[in-house]
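This report looks at how two protein chains meet. Please have the sequence and the 3D view at hand while reading.

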There are 2 protein chains.
Amino acid sequence: MSLKPMRQQVEEYIVGLQDTIVSALEKLDPNAPPFKRDSWIRTQGGRGQSCVFAVPEASESGSAHENLPVLEKAGVNISIVHGKLPPAAVKAMRVDHSSVPFDPLSPAVPFFAAGLSLVIHPRNPHAPTCHANYRYFEITESVQEGKESGSGKLLAWWFGGGSDLTPSYLYEEDAVHFHKTIKEACDTHGEAIYPAFKKWCDEYFLIPHREETRGIGGIFFDDLCDQTHHRLPDDAVRPRTPEDIFKFIKTAGDAFVPSYVPIVERRMKTPSTPHERRWQLIRRGRYVEFNLVHDRGTKFGLVTPGARIESILMSLPETARWEYMSDMGTDENSEEGKLMKVLKEPRAWV
Amino acid sequence: MSLKPMRQQVEEYIVGLQDTIVSALEKLDPNAPPFKRDSWIRTQGGRGQSCVFAVPEASESGSAHENLPVLEKAGVNISIVHGKLPPAAVKAMRVDHSSVPFDPLSPAVPFFAAGLSLVIHPRNPHAPTCHANYRYFEITESVQEGKESGSGKLLAWWFGGGSDLTPSYLYEEDAVHFHKTIKEACDTHGEAIYPAFKKWCDEYFLIPHREETRGIGGIFFDDLCDQTHHRLPDDAVRPRTPEDIFKFIKTAGDAFVPSYVPIVERRMKTPSTPHERRWQLIRRGRYVEFNLVHDRGTKFGLVTPGARIESILMSLPETARWEYMSDMGTDENSEEGKLMKVLKEPRAWV
């Protein structure tokens with residue numbers, strides 16, 4: 001068992017994971033420019049690093065699409081921040097974490113949050129978009145001014161995260177590969193994990209006004225700690241100590257590259273038509289709808305004073321498209337219609 | 001004074017206004033396909049007509065931009081609907097309309113709503129986007145089943161609306177023309193109207209997380225009826241009777257074509273570069289952010305059961321673009337920077 005505090009262990013892990021993922025993505029396309037590393041300091045406490053891929057010049061050059069890089073827009077970001085939570089945030093957290101203190105006279109509580117989040121939008125319509133997130137959260141006791149932040153007693157902690165795939169065209173073998181890789185990672189920590197978090201993912205990434213999911217799912221979870229978990233049976237084999245849950249997070253994080261990169265590799269050179277590009281951009285429009293209208297993280301970020309808007313909205317695609325009463329996807333025998341069918345009725349992939 | 005009920009007068013007016021506006025837009029570009037007229041019936045009560053312009057094939061043909069139609073995407077929609085309001089909507093309305101009844105035992109109240117709403121996105125980056133809306137709302141007493149809907153006593157009524165301009169590049173003479181035309185229309189009904197509703201427009205179309213307005217404004221108003229109005233001085237000269245307020249609405253609605261169409265006419269053939277197109281698409285991204293994150297009408301529509309999603313989201317541009325940490329607009333001496341300056345600090349145009 002490590003003697004290092006968990007916040008330090010998590011920080012070291014996500015710093016390394018960011019590097020691993022960015023390197024794997026850069027290796028996919030050695031001729032493309034590297035990701036742009038962009039470190040930042042949060043004046044209220046903490047730091048982060050964005051690793052972003054974008055080639056905005058492409059749209060101005062008018063060059064042929066076959067010479068374009070594999071990725072269209074991608075971001076792999078980490079942040080390690082601490083500070084005081086405003087009362088509204090504290091109240092919201094108490095719903096799932098009864099040990100979070102709430103004193104109406106002194107409602108701001110110290111927090112620590114460290115996480116990695118990524119969104120990859122490849123250019124080829126046959127290569128799916130992928131999103132992933134792994135995060136750790138701590139609430140500590142207030143300490144007197146002048147004392148080191150983080151020296152207060154730990155009152156509550158939890159891990160959250162997940163990863164999910166958003167194809168424009170359905171390749172069943174890709175969906176199976178993605179889910180199978182994630183399931184195998186989960187299963188080593190308890191067989192109840194994958195089914196519970198797969199279901200949670202399908203529920204979370206629903207676009208209610210479209211009555212369709214954003215993509216073909218993966219896993220989504222939050223509030224994983226030593227307490228009873230509302231998505232897992234009480235008697236389930238599952239990680240319960242901080243160290244064991246962190247091991248699960250690491251297994252899930254380490255599974256990201258093998259779950260996703262081979263899919264991009266086998267689709268990135270598939271010939272595509274302007275029709276397929278158009279459908280990809282319509283699907284990106286739905287991605288924008290989910291992120292701006294429904295995603296809790298984005299909504300929370302946009303109303304947080306001092307939040308870094310560029311990081312929050314980095315998940316948005318380079319280009320998105322909206323057509324009134326589009327005919328694309330309405331014919332259930334078309335390739336577009338085949339995707340729509342699984343977005344309307346989430347499937348068990350493994 | 002007309003003997004016809006107001007709901008009928010409003011319906012007749014917006015039917016005619018839709019036709020006038022669509023004809024004026026079609027005349028701008030006689031070689032383009034006509035708007036697609038799409039009538040619909042609301043099963044819960046009412047009807048509407050969407051008039052939509054779109055040429056989705058353009059993106060697939062890969063044809064040169066100089067041959068593309070003047071408009072990229074446009075919708076001029078009317079709806080005339082009635083039904084019962086759910087309790088949450090009734091409660092929200094009582095804030096500004098104390099005569100709206102609220103009986104916790106029988107909270108659903110009959111309503112009637114008629115309105116025209118439009119969004120025009122021209123293709124040329126030098127031609128601005130325009131949005132307008134004119135609407136009438138009625139709350140009536142519940143009537144026994146079997147009696148004709150609308151036969152109940154009128155309990156509350158109000159008009160709302162406005163129009164606003166969203167350029168990608170600032171032409172001061174266009175902003176002045178747009179505001180001047182609207183101000184002159186307002187002034188014939190009382191000189192307090194334009195300044196109050198111009199200010200309301202700048203406040204309403206703010207994108208808080210970007211700290212910028214969506215465009216260069218126009219007017220925005222709601223809750224205009226025979227009661228005290230929270231945006232207008234009590235002693236102001238202004239329309240107060242239903243007939244006088246309807247006359248104001250008609251003057252404002254009739255001013256739409258002269259306020260906007262001449263601007264498109266003088267910008268639609270301005271030569272443009274891929275750089276300017278890129279900026280236009282980034283600005284369209286901000287349009288999407290406002291509409292999906294902040295616009296009350298869109299948010300209300302998306303959570304309304306049975307709402308027509310295609311009509312609600314018709315306001316979204318054909319294409320939008322997001323760049324991480326874009327350099328566009330950051331140089332205040334660039335043409336993009338000049339627009340940003342007026343979006344950060346709304347200006348008095350007349």
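The sections below cover the model, the interface, its charged pairs, the symmetry and some strands of chain A.

## The model

This is a predicted model, in which local features need pLDDT of at least 70 and side-chain atom pairs count only at pLDDT 80 or more, while totals for chains, interfaces and linings use all residues. Residues are numbered from 1 along each chain as its sequence is written, chains are lettered from A and ligands numbered from 1 in the order in which they are written, and side-chain values use heavy atoms, with hydrogens and water left out.

## The interface

Between the chains, 33 residues of chain B are in contact with 33 residues of chain A (contact means heavy atoms within 4.5 Å). About 3,400 Å² is buried between chain B and chain A, and carbon and sulfur atoms give 59% of this area. Buried area is the accessible area, taken with a 1.4 Å probe, that two parts lose on being put together, summed over both.

Across this interface, 17 residue pairs are in polar contact, both residues being at pLDDT 80 or more. A polar contact is a pair of N or O atoms within 3.5 Å; within protein, one must be able to donate a hydrogen and the other to accept it, and residues adjacent in sequence count only if both atoms are side-chain atoms. On the side of chain B that touches chain A, at least two residues each come from β2 (46–54), α2 (57–61), α8 (274–294), α10 (309–312) and β10 (319–321) of chain B. Helix α8(B) supplies the largest share, 7 residues. Helices (H or I, at least four residues) and strands (E, at least two) are DSSP runs, numbered from the N terminus.

That side of chain B holds 16 nonpolar, 6 polar and 11 charged residues. Here Ala, Val, Leu, Ile, Met, Phe, Trp, Tyr, Cys and Pro count as nonpolar, Asp, Glu, Lys and Arg as charged, and the others, Gly among them, as polar.

## Charged pairs

Side chains of opposite charge can pair when their charged atoms come close. There are 4 salt bridges between chain B and chain A (a side-chain nitrogen of Lys or Arg within 4 Å of a carboxyl oxygen of Asp or Glu). A:Glu318 is bridged to B:Arg321, with the closest N and O atoms 3.4 Å apart.

B:Glu310 and A:Arg210 also form a salt bridge, at 3.3 Å from N to O. This pair joins two chains, because B:Glu310 is in helix α10 of chain B and A:Arg210 is in the loop between β7 (206–207) and β8 (212–213) of chain A.

## Symmetry

Chain B is superposed on chain A by a rotation of 180° with 0.0 Å of shift along its axis, giving an RMSD of 0.0 Å. The superposition is by least squares on the C-alpha atoms of residues with pLDDT of at least 70 in both copies. The two copies are therefore related as by a two-fold rotation axis. In chain B, the C-alpha of B:Ala320 is nearest the axis, at 2.7 Å. Both copies use the same surface, as 100% of the contact residues of chain B recur in chain A.

## Strands

Strand β10 (residues 319–321) of chain A pairs with β10(B) in the antiparallel sense over 3 bridges (two strands pair if DSSP finds at least two bridges between them). Opposite A:Ala320 stands B:Ala320.

Within chain A, β1 (residues 36–41) and β2 (residues 46–54) run antiparallel and are joined by 6 bridges. They form a hairpin with 4 residues between them, and A:Gly45 in the turn has a positive phi of about 130°.
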